Amino acid sequence: QLQACGGGLVQAGGSLRLSCAASGGTFSRYIMGWFRQVPGKEREFVAAISWSGVSAYYADSVKGRFTISRDNAKNTVYLQMISLKPDDTAVYYCAAHTGGSYYSVSEYDYWGQGTLVTVSS
């Protein structure tokens with residue numbers, strides 16, 4: 001089970017940190033990802049991190065502004081977002097899987113409920 005939180009309303013240029021707490025499995029075995037979705041559009045990849053946290057991957061649209069990290073002792077993955085833009089407005093979902101593509105929605109087996117991020121201009 002994945003529980004995401006940390007969303008909210010922020011002005012353009014501001015920052016937010018999302019958290020996703022996992023329960024019910026061996027957290028360190030899972031690749032963790034963040035995706036986002038706006039109404040009428042497909043869910044899109046934002047960032048992902050390897051089991052150990054050594055490797056991280058980002059969508060081009062967020063490189064240099066977002067940082068994904070994980071704390072396996074706390075069963076939690078984070079998404080630090082800075083320099084937020086109105087285009088970052090979306091529902092953000094955390095997800096997990098044990099192997100395969102980091103980028104593909106269809107590879108992820110477990111999903112959190114989503115947390116809304118709204119960036120005002």
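Helices (H or I, at least four residues) and strands (E, at least two) are taken as DSSP runs, numbered from the N terminus. By this definition the chain contains 0 helices and 11 strands, and the order of its elements from the N terminus is β-β-β-β-β-β-β-β-β-β-β. The radius of gyration, taken over C-alpha atoms, is compared with a globule rule of 2.2 Å times the number of residues to the power 0.38. The chain has a radius of gyration of 13 Å, close to the 14 Å that the rule gives for 121 residues, so it is as compact as a globular protein of that length.

The structure is a predicted model, in which local features need pLDDT of at least 70, side-chain atom pairs count only at pLDDT 80 or more, and totals for chains, interfaces and linings use all residues. Residues are numbered from 1 along each chain as its sequence is written, and side-chain values use heavy atoms, with hydrogens and water left out.

Of the 121 residues in the chain, 42% are buried, where buried means under 20% relative accessible area (1.4 Å probe, protein chains only). A nonpolar core is a set of buried Ala, Val, Leu, Ile, Met, Phe, Trp, Tyr and Cys residues joined through side-chain atoms within 4.5 Å. The largest such core comprises 36 residues, and W34, L79, M81 and Y92 have the most contacts inside it. At least two residues of this core come from each of several strands, including β4 (31-37), β8 (76-81) and β9 (90-97). Contact means heavy atoms within 4.5 Å. Leaving aside residues up to four places away in sequence, Y92 touches, among others, W34, L79 and M81.

Conventions
Buried means under 20% relative accessible area, exposed over 50%, partly exposed in between (1.4 Å probe, protein chains only).
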